[in-house]
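Please read them with the structure open beside you.

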Amino acid sequence: AQAASLCSSLGVEQVTVEIGEAQLPDRFEDAVLAAEAPLWNGKAVASLLFFERCRAAGAGALASGCGADEVLCGQPEALAAFDARAALERRLAEAILLPAARAALGPLAPPPQADLLQSRARLIGTVLPESTLVPECRLSAAAGVEVRLPYLEPAFAELALALPGEQLVRDGCGKWPL
């Protein structure tokens with residue numbers, strides 16, 4: 001309903017692209033090859049299908065929301081749990097990797113006691129470039145769609161990153177400036 005209202009106010013057509021879970025396994029290999037990187041979940045595969053359908057519908061470029069959660073603290077609960085999740089993922093990697101790969105992980109440093117903005121900085125420095133932007137940019141390119149990243153444009157990102165936490169999150173709701 002919010003998307004329909006926004007499209008109506010902007011005078012643009014709303015197009016719904018439905019992608020079901022049953023479609024994902026058949027395209028997993030295509031998505032991995034297009035991303036040229038490991039994929040951590042089915043979202044990347046769904047993104048490839050989404051971009052392909054957008055291209056088939058005639059879209060040559062799309063504005064992406066990628067980066068909004070990161071610079072505007074869009075998921076405060078996830079940010080608060082970032083260090084615990086990273087430690088859990090590290091323990092999982094240590095349990096499943098072969099010894100040579102495990103040794104390449106390097107020593108495990110204790111997680112720092114971080115506030116919201118420190119966690120955001122670590123998320124921007126690790127997760128965004130390593131697992132968010134790669135599929136977004138490479139999969140859209142593979143589908144022939146130029147993806148634009150307005151939340152990561154330097155002027156916007158600089159302004160958003162300068163805002164204090166209380167202007168970004170209110171009553172547990174992130175992305176408050178939007």
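1. Which residue forms a salt bridge with Arg90? The partner is Glu94, and the closest N and O atoms of the two are 2.7 Å apart, where a salt bridge is taken as a side-chain nitrogen of Lys or Arg within 4 Å of a carboxyl oxygen of Asp or Glu. Both residues lie in helix H6 (residues 82–96), four residues apart, about one turn of the helix. An α-helix has 3.6 residues a turn, so residues three or four places apart point the same way. Arg90 counts as buried because its relative accessibility is 15%, whereas Glu94, with a relative accessible area of 29%, is partly exposed; buried means under 20% relative accessible area, exposed over 50%, and partly exposed in between, with a 1.4 Å probe and protein chains only.

2. On the basis of these values: this is a predicted model, in which local features need pLDDT of at least 70 and side-chain atom pairs count only at pLDDT 80 or more, while totals for chains, interfaces and linings use all residues. Residues are numbered from 1 along each chain as its sequence is written, and side-chain values use heavy atoms, with hydrogens and water left out.

3. On the overall fold, the secondary structure of the chain comes to 11 helices and two strands, where helices (H or I, at least four residues) and strands (E, at least two) are DSSP runs numbered from the N terminus. Read along the sequence, these elements follow the pattern α-α-α-β-α-α-α-α-α-α-β-α-α. The C-alpha trace spans about 50 × 45 × 30 Å along its principal axes, and 29% of the 178 residues of the chain count as buried. Of the contacts in the chain with a separation of 6 or more, 71% are between residues 24 or more positions apart, a contact being heavy atoms within 4.5 Å.

4. H3 is followed by Gly58, whose phi is positive, near 105°.

5. The count of salt bridges comes to five. In one of them the side chains of Arg27 and Glu52 meet at 2.6 Å, N to O; Arg27 is in helix H2 and Glu52 in helix H3, so that the pair links distant parts of the chain, 25 residues apart. Glu52 is partly exposed, with a relative accessible area of 28%. Asp30 also belongs here, as Arg27, Asp30 and Glu52 are linked in a network of salt bridges.

6. Lys175 forms another salt bridge, with Asp69, the closest N and O atoms being 3.0 Å apart. Since Lys175 lies in the segment after helix H11 (165–168) and Asp69 in helix H4 (residues 68–72), the pair ties together parts that are 106 residues apart in sequence. Lys175, at 28% relative accessibility, counts as partly exposed, and Asp69, at 25%, counts as partly exposed too.

7. Arg120, found in helix H8 (residues 116–125), deserves a separate look. Arg120 is buried yet has no salt bridge, and the nearest side chain of opposite charge, Asp115, is 8.3 Å away. A polar atom of its side chain does lie 2.8 Å from the backbone oxygen of Val71. Not counting residues up to four places away in sequence, Arg120 touches Glu70, Val71, Cys73, Leu79, Ala160, Leu161, Leu163 and Leu168.

8. On the cysteines, the structure holds zero disulfides, a disulfide being a pair of cysteine sulfur atoms within 2.5 Å. Cys66 is in no disulfide, and the nearest cysteine sulfur, that of Cys137, is 6.6 Å away. Cys66 counts as buried at 9% relative accessibility, whereas Cys137, at 30%, counts as partly exposed.

Terms used. Lys, Arg positive; Asp, Glu negative; His and termini not counted. Polar contact = N/O pair within 3.5 Å; in protein donor to acceptor, adjacent residues only side chain to side chain.
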